[in-house]
Amino acid sequence: MKIISVREEPSYADLATRYIQSKWASEDSLMVYEDCIAHCIAAQAPLPQWYLLMNDDEIIGCAGLVTNDFISRMDLYPWVCAVYIEESHRGHAYGALLLEQAKKDAKRHGFTQLYLCTDHIGLYERYGFSHIGTGYHPWGESSRIYAAKLD
């Protein structure tokens, strides 16, 4: 398994954009991902970051490290977002590889916490995250917010 950072390997930007859009975007949000991924490459700030999890030449997952995951708690950051593992590869803790990369990069840039929002209960607790509350999305839904200390 290999994690590709789009920022560090910009030749993967188009591939990452198409893949992440296929997993997370609606027709209305395609440009959000395209624009964010394109601008991460030369960004002066440490965020955003986008990752692909590769098994040889096959993409089996993705994740992002962003300032806000479309949630009301804008006082909290950075956020790991868009975590996805292909169904055929689930059950092997491959998501943990992406989470660890996000934690490592967040810590390297001086952050002491990492956040995520999800409706999954019991999944992210296995990877050092604790439930800290509820946040609200612009489209009217809510999500559980989790935090992990970066040691």
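Is Ala82 buried or exposed, and what is the relative accessible area of Ala82? Here are some notes on that and a few other spots.

1. Ala82 is buried, with a relative accessible area of 9%. Buried means under 20% relative accessible area, exposed means over 50%, and partly exposed is in between, using a 1.4 Å probe and protein chains only. Ala82 sits in strand β4, and its phi is positive, about 50 degrees, although Ala82 is not a glycine.

2. A word on what you're looking at: this is a predicted model, where local features need pLDDT of at least 70, side-chain atom pairs count only at pLDDT 80 or more, and totals for chains, interfaces and linings use all residues. Residues are numbered from 1 along each chain as its sequence is written, and side-chain values use heavy atoms, with hydrogens and water left out.

3. Now the layout. The chain has 3 helices and 7 strands, and from the N terminus on they run β-α-α-β-β-β-α-β-β-β. The radius of gyration is 14 Å, close to the 15 Å that the globule rule gives for 151 residues, so the chain is as compact as a globular protein of that length. That radius is taken over C-alpha atoms, and the rule is 2.2 Å times the number of residues to the power 0.38. Helices (H or I, at least four residues) and strands (E, at least two) are DSSP runs, numbered from the N terminus.

4. Have a look at helix α1, residues 13-24. Ala13, Ala16, Thr17, Tyr19, Ile20 and Gln21 are its buried residues. They pack against α2, β2 (49-55), β3 (58-66) and β4 (79-85), where contact means heavy atoms within 4.5 Å.

5. Asp56 also has a positive phi, near 60 degrees, in a residue other than glycine. Asp56 is in the loop between β2 and β3 and counts as exposed, at 69% relative accessibility.

6. One joins Leu47 and Pro48, with omega about 5 degrees, and Pro48 lies in the loop between α2 and β2. Another joins Tyr77 and Pro78, with omega about 5 degrees; Pro78 lies in the loop between β3 and β4.

7. Back to burial, this time for the whole chain: buried residues make up 46% of the 151 residues. Val32, by contrast, is partly exposed, with a relative accessible area of 39%, and lies in helix α2 (residues 30-40).

Note on methods: Expected span 1.5 Å × (residues − 1).
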